[in-house]
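Here's a quick tour of the fold you're about to look at.

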Amino acid sequence: MRRDQSSLMSDGAYLLLFIFSFVAIVYMAGDPDRYMYNIIFLNAAFLIAIITYFTNVTAGLILNILFIFGYGTFTLYRTVVEGATVSAQNYVWLVLTPLLTLITWMITMANRRLQEDNERLQKLNQSLATMDEHTDLKNNLSFQKDATVFMALSQRYKMPLTLLIVSVKYWDEIKRMISRDQMTQTIYNVSQLSQTSIRTNDSLYMLNADNPTWGMLLFTDREGANVVIDRLRQRAREMNETTAGTRLKVELILKIGAVEFSPEETATPLEFIAQARKQLEYDV
């Protein structure tokens, strides 16, 4: 509803702007004797409107008050000194200038509301998204939902559950040496490497896209996780050998930490991640 109101206000404001421009053109064309005065007043009206657009309506109102005061002084001067008569034409710009300011304020408010709605929707989309846009892997939000279920299943049916955390050693240095496209491709390659190293009933997640960190939920014990770790390291070495002759002149070294789920020590998925990250620190 609010978005429809903002769109309606924006459309109405632009329509009024066209009407204002038409009225101003017709009025100035019908009064050639005051053409220079009308040009000056029109420029003043648009100047006030521009200032209102980039500031706020309060500044526009103050400038309109100053314009009305200055215009009244000018009219009084012409009446007293030059003997000009006061006619309906003397009141035209007293109406058109505040009207243009009002139209500008409507455009500003409509655009600001649309921008706020856009930012709100983007934040909502990010908070609800469960897939990483670069790797198509499940993200941290999806991990927390799945881990809650897997931890409950592990505790109820006494099935071992192990979390592997995988990151790239010296990533900060590596990303300074390669382009953004190569960096994205590297993350994708490691994701594919990780995906092919686990079973179909295990799950792979992208826990952190900025500093690439992968998470793997494995239905196995700690010893079984060591098999996956060895497989990951072997395939990482093979990938380094494959890319040795390409433009990617960096060697990717994986850091891996693993922890087996324990109901007594792990109450939430975040604690599960924290415990695995501690093990990651020991892999130097």
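## Ground rules

Helices (H or I, at least four residues) and strands (E, at least two) are DSSP runs, numbered from the N terminus. This is a predicted model, with local features needing pLDDT of at least 70 and side-chain atom pairs counting only at pLDDT 80 or more, while totals for chains, interfaces and linings use all residues. Residues are numbered from 1 along each chain as its sequence is written, and side-chain values use heavy atoms, with hydrogens and water left out.

## The whole chain

There are nine helices and four strands here. Reading from the N terminus, you get α-α-α-α-α-β-α-α-β-β-α-β-α.

Of the 284 residues, 39% count as buried, meaning under 20% relative accessible area with a 1.4 Å probe, protein chains only. The exposed surface comes to about 17200 Å², and carbon and sulfur atoms supply 59% of it; those areas come from the Shrake-Rupley method with a 1.4 Å probe.

UniProt, in an unreviewed entry, lists residues 12–29, 35–54, 61–79 and 91–110 under "transmembrane region". Its positions are given in the numbering used here, feature names are shortened, and annotations may be inferred rather than shown by experiment.

How do two of those spans look in the model? Residues 12–29 are 100% helix and 0% strand, with the end C-alpha atoms 26 Å apart. Residues 91–110 are 95% helix and 0% strand, and their end C-alpha atoms lie 29 Å apart.

## The sheet

The four strands make an open antiparallel sheet in the order E2-E3-E1-E4; two strands pair if DSSP finds at least two bridges between them. E2 (203–208) and E4 (254–260) are the edge strands, each pairing on one side only. On average, neighbouring strands are turned by 20 degrees against each other, direction ignored.

E1 (residues 162–168) is joined to E3 (residues 213–218) by six bridges, with Ile165 opposite Gly215 in E3. E1 and E4 are also antiparallel, over seven bridges, and Ser167 has Lys255 in E4 as its bridge partner. Five of the seven residues of E4 are buried.

## Helices across the sheet

Helix H7 (residues 180–195) lies across E2, E3 and E4, at about 150 degrees to E2. Helix H8 (residues 222–242) lies across E1, E3 and E4, at about 170 degrees to E4. Axes are lines fitted to C-alpha atoms, for helices over the stretch in contact, and angles run from 0 to 180 degrees between N-to-C directions; contact means heavy atoms within 4.5 Å.

Methods. Buried < 20%, exposed > 50% of the residue type's maximum accessible area, 1.4 Å probe, protein only.
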